[in-house]
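Open the model in your viewer and keep the selection tool ready. We will go from stop to stop, selecting a few residues each time.

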Amino acid sequence: MPRRAPAGTLVVGFGVTGQAVAAALVRRGLPVVAVDDRPSAVLRSAAAELGVVLHEPGGGAALGDLVGAAAEVHPAPGLAHHHPVFAAAAAAGVPVRSELDIAARFDTRPVVAVTGTDGKTTVTVLAAAVLEASGVRAVVAGNNDVPLVRAIDDPAAEVFVVEASSFRLERTERFTPTAACWLNLAPDHLDVHADLAAYEAAKARIWRDLGPDATAVGNAEDPIVARHLAATGAGTRWTYSAVAGAATDWRVERGHLVGPGWGAFAAVADLPRHFEHDLANTLAAAAVTAPVGATAAGAAAAARAFRGLPHRLALVADAGGVRWYDDSKATTPHAAVNDVAAVAAAGRRVVLVAGGRSKGVDLATLGVLAPAVRAVVAIGEAGDEVAAAFAGARPTAVVGSMAAAVEVAGAAAEPGDAVVLAPACASFDWYANYAERGDDFAAHVRAHLRLARSDVDVDIDVDPALDTDCELA
């Protein structure tokens, strides 16, 4: 019996990205079939509106038949490596592609890409702001509510700034952005990737296909990033660092941010945020946008206006000599370590609130923070793991709610300290997303400080960014 004609693209997982891919293909008259392991009524309705048949395979044979009849498979970002669709595709010889591949098939406008374990959303948003301030129409896409394959429908966009997560990069067949920045690498998402080596390999795809006309921008302070930067085929390779005295292409020099061809383009004293990681993020955003039309004046203007994103070391309150910071977005130990180091460098001891769902990452590395930490309040599923990381080194308490965490942290903090929510974990044990977790922390901080008014001189300074919507985790 002759093999059936290919059914086009098999979309596996019909969430935000899956629907965007299906819509892009259907609009161009291309055949699509979709599957979802848990097809809700909402997903079935979305498929019906597109005229796409949505299957619930149930067993391995049914999924194998669908894969075998497809020309290509598009898996949802974040689909775990052990999902049977990958083995089925390999057995049938059917290529697996990501939305980045499909977008490139239909659009040739310049793409700037940013990846990294931590900081990629901030740098992506700041990079778009740099381009806009330079007179270049930029659209943010990728690891947010607007997949690149949907963003290309905007005819006014001149450059797409893509937050390139490991989930998207891992399944990309060929990715050739005009400029690509890799911020850092630390253990994360080991519940989805096979192991740390697979996670690193996924991140490295951001530079794998770059040619002589492309620019690669890498963090000189990260040895893994630096090693991959040296091996990329990009025609231009730029390094950046905010560490004092660093001999990098993009750097801090005599109180100014400096870049090749631009010279000194922004005074550090003029920036509303100037922790070391803030300066590094600004340098990265400037470097990765310079090849696509950013100007020194535009970068300086964007940096002066940028006050950070919600839930990224955002000041919630300053009361009784204690500062309260929300970095609910610090969902890895690497991010939590950076947070505490930044606050400690500003001369404050830290009461750390950490915990949540660990994503398979070893939390013992948090113990390196002990010298900068006064006490630890552990929350969520990984509370015991967080407490164990500091056992015998610092006072710890495992609590069962955010309200209790704030009360215990407030009691432990002394004037001159900072209470920092830097969970080092995902939020999905107690909350729908990291934004909800950060909002809950901030609400309990405000309630706690109102109750404490009779005991301390309270000057509540609420960051207005906390009232701003942000993307889901």
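Two strands pair if DSSP finds at least two bridges between them. Strands (E, at least two residues) and helices (H or I, at least four) are DSSP runs, numbered from the N terminus.

This is a predicted model: local features need pLDDT of at least 70, side-chain atom pairs count only at pLDDT 80 or more, and totals for chains, interfaces and linings use all residues. Residues are numbered from 1 along each chain as its sequence is written, and side-chain values use heavy atoms, with hydrogens and water left out.

**Stop 1: a sheet**

Show the cartoon. Look for an open sheet of four strands, in the order β3-β2-β1-β4, with parallel pairing. Select 53–55 (β3) and 72–75 (β4): these strands stand at the edges. Each has a single partner strand, so one side of each is left without a neighbour in the sheet. Pick Val35; its bridge partner in β3 is His55.

**Stop 2: aromatic rings**

The structure holds seven aromatic pairs. Rings of Phe, Tyr and Trp (its six-membered ring) pair if their centres lie within 6.5 Å; planes under 30 degrees apart count as stacked, over 60 as edge-to-face and the rest as tilted. Select Trp182 and Trp207. Their ring centres are 5.4 Å apart and their planes stand at 65°, so the pair is edge-to-face. Trp182 is in strand β8 (residues 179–182) and Trp207 in helix α9 (residues 196–208), 25 residues apart.

Trp182, at 0%, is buried. Trp207, at 2%, is buried too.

Move to Trp262 and Phe265, an edge-to-face pair with 5.3 Å between centres and 80° between planes.

**Stop 3: salt bridges**

How many salt bridges does the structure hold? There are 18. Each is a side-chain nitrogen of Lys or Arg within 4 Å of a carboxyl oxygen of Asp or Glu. Select Arg168 and Glu99, which meet at 2.6 Å, N to O. Arg168 lies in helix α8 (residues 166–170) and Glu99 in helix α5 (residues 99–106), so the pair ties together parts 69 residues apart in sequence. Both Arg168 and Glu99 are buried.

Next, select Arg251 and Glu253, a salt bridge of 2.8 Å. Arg251 is partly exposed at 22%. Glu253 is partly exposed at 36%.

Finish with Glu72, Arg97, Arg105 and Glu173, linked in a network of salt bridges.

Notes
Buried < 20%, exposed > 50% of the residue type's maximum accessible area, 1.4 Å probe, protein only.
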